[in-house]
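Subject: Structure for you to look at

Hello,

Please find the structure below, with notes on what was found in it. Open the 3D view next to the text as you read.

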Amino acid sequence: MKNIKPTHSFQKDISNCGLTGFISKSGKLVEGSVIIKSISLMHDRGNGLGGGFAAYGIYPAYKEFFAFHLMYENGPALQLTEEYLEQNFHIEQEEDIPTRRTPAIANPPVFKRYFVKPLETVEYKEAVEFKNMTDEDVVVHHVMRINNEIEGAFVVSSGKNMGAFKGVGYPEEIAEFFRLDEYKGYIWTAHNRFPTNTPGWWGGAHPFTLLDWSIVHNGEISSYGINKRYLEMYGYLCTMLTDTEVVAYMLDLLIRKHGLTPELASLALAAPFWDMIDTLPEEERKLLTAIRQVYGCALLNGPFAILFASNEGLIGLNDRVKLRPLVCAEKDDFVYMASEEAAIREICSAPDRVWTPRGGEPVITKLNKGVV
Amino acid sequence: MKIDAQGLYYRDLNIKIRDAVAGGAEKIELTNVNGQYYIGDGINRPVTITVNGVPGNDLGAFLNGATIVVKDNGQDNIGNTMNAGKVIVHGHAGDVLGYGMRGGRVHILKDVGYRVGIHMKSYNENKPVLIAGGKAGDFFGEYMAGGVLILLGMFSDDPDKAKHGFRFGTGMHGGVIYVRGQVDEAKLSREVGVFELTQEDQAELQEYLKDFCHDFKLDFKKVIGDTFVKILPKSKRPYGNMYCPMPR
């Protein structure tokens, strides 16, 4: 397999997207119809060129296996990818991702899912014994190879007990197509896309994922170039033609690989301005100075509101000067985050508390211990 | 006249409101509102529209004489380029309130978001007034060119939050901001300074706050019962020398 995909030059994605998500901290399973209702309320924040969902807790029967959601644009891509997967993975189960024909979705690609574990190949043993790689590292490596080297094949998600469902259409149409009303999860996020400068294609819809990280994003990451080059040094290859992709890989690098807490990782992505850092007490000032120095290339510039989810929980984050909306609410053990309060009130009419986080202040909600 | 907005698309709801206004309705009550954009935009008759539920963004944009009363929380961009009339919100509201507002009043009972009062302006008798009873986010009064902003910091759901955010008055070059109690001078922009109120200021402030207290049935004595400070721009042209010094 050789690299035949263009290493594109990035064009900015100025967008007015809508996003919403929620978590049940105790792991209560919620039907897909709830998140569909919430994102549908913000129909007009998108333009029909991208909708998507991430759901956690949907594959309990295979929760020990990496759930690969694959998108194929052509037959050879499917064949090549399946050969590649068979060479490198034990495939516990493979199946078509159930879809429903709907008039709004004219020419969908083919979607399949595979529940897998890395095979103990020579390459795997070498990686684990001599390169200090974990199973997760091996999976990331294979995801990058499939995305980058097999034309027309894209890994839509690759985490355990979770999945991403996305495509070209309004989110409610994508939900109908993927039959999301038939899934139940304890974390859901959704995105309604309004792309203006990058293509509205199936792989470019949100969420963007890696392992169990999933990102939905409203805004424009103008630091994409520097973020992308920084990630390439660590083996992450950006192939999805949209800025948001870097956030998924950056979180994997900062949190999983470098061991930063979600709080510290958020401070690297949305670092306070220097003049604010200067006013902080000595210890904090030292910490934040170190983060800005070490992770200057991880700083996200430009306006953004993002939700990132994983098997640990759900986090909301704004850019430092809050150039995109983000509202949060709490009700019992549920936490909601959305672009508009109305999108929350649509599915939780009387929250205990509604608030708007400050720019650069992460809202971190973790699943209770023992849920996963 | 009542309109049930349950599940109504924003365009259909706004057509119903406009038809009601054109038909001579004086009081319009909307029930089950949730997220519909542009409610009351550009209405130029003195009707009163009561909103039950959370209205969507750009409530009362280009409003020209009507009164909108929101019984719940509001979202972003309320009173965008508003000309005359009044918006009353009995909860909190979001970012960019009163953007380019040039007349009328906006009264928010609780907290407000970022960039409130951005580029408000005034001319002769057209003098917009925006009052937030709670706390405010960063960039309060950003690029403000005229009109009056008042921040009370009294009615907030978040006792731990600071009364106002950073970059207060960034680019402000006209108008006035009154704050109940003190301001955190470390959070003020370079373009503004803190002053004491004159007697004329006091009289003007009292008139605005009486109106605010009347709308929310608040005790005026309690609201006025603390000192206020006045924030003014130091220059009418804060960026005049940004690229090249201006000839004197």
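Two strands are said to pair if DSSP finds at least two bridges between them. Strands (E, at least two residues) and helices (H or I, at least four) are DSSP runs, numbered from the N terminus. This is a predicted model, in which local features need pLDDT of at least 70, side-chain atom pairs count only at pLDDT 80 or more, and totals for chains, interfaces and linings use all residues. Residues are numbered from 1 along each chain as its sequence is written, while chains are lettered from A and ligands numbered from 1 in the order in which they are written.

The sheet

In chain A, four strands form an open sheet in the order β5-β6-β4-β7, with antiparallel pairing. Strands β5 (89-96) and β7 (153-157) of chain A are at the edges; each has a single partner strand, so one side of each lacks a neighbour in the sheet. From one strand to the next, the twist averages 30 degrees. (Axes are lines fitted to C-alpha atoms, for helices over the stretch in contact, and angles run from 0 to 180 degrees between N-to-C directions.) Seven bridges join β5(A) to β6 (residues 110-118) of chain A in the antiparallel sense, and A:F89 stands opposite A:P118 in β6(A).

Helix α4 (residues 135-149) of chain A packs on the sheet and touches β4 (66-72), β6 and β7 of chain A. The direction of α4 makes about 140 degrees with that of β7(A). Contact means that the C-beta atoms of two residues, placed from the backbone, lie within 7 Å.

One glycine

A:G185 is in strand β9 (residues 184-185) of chain A. Is A:G185 buried or exposed? A:G185 counts as buried because it has 29 C-beta neighbours inside 10 Å. (Buried means 20 or more other C-beta atoms within 10 Å, exposed 12 or fewer, and partly exposed in between; C-beta atoms are placed from the backbone.) Leaving aside neighbours within four places in sequence, the contacts of A:G185 include A:L29, A:Y56 and A:I58.

Chain A has eleven helices and 18 strands. Of its 372 residues, 51% count as buried. The C-alpha trace of chain A spans about 55 × 50 × 45 Å along its principal axes.

The contact between the chains takes 16 residues from chain B and 16 residues from chain A. The model scores ipTM 0.94 and pTM 0.94.

Regards
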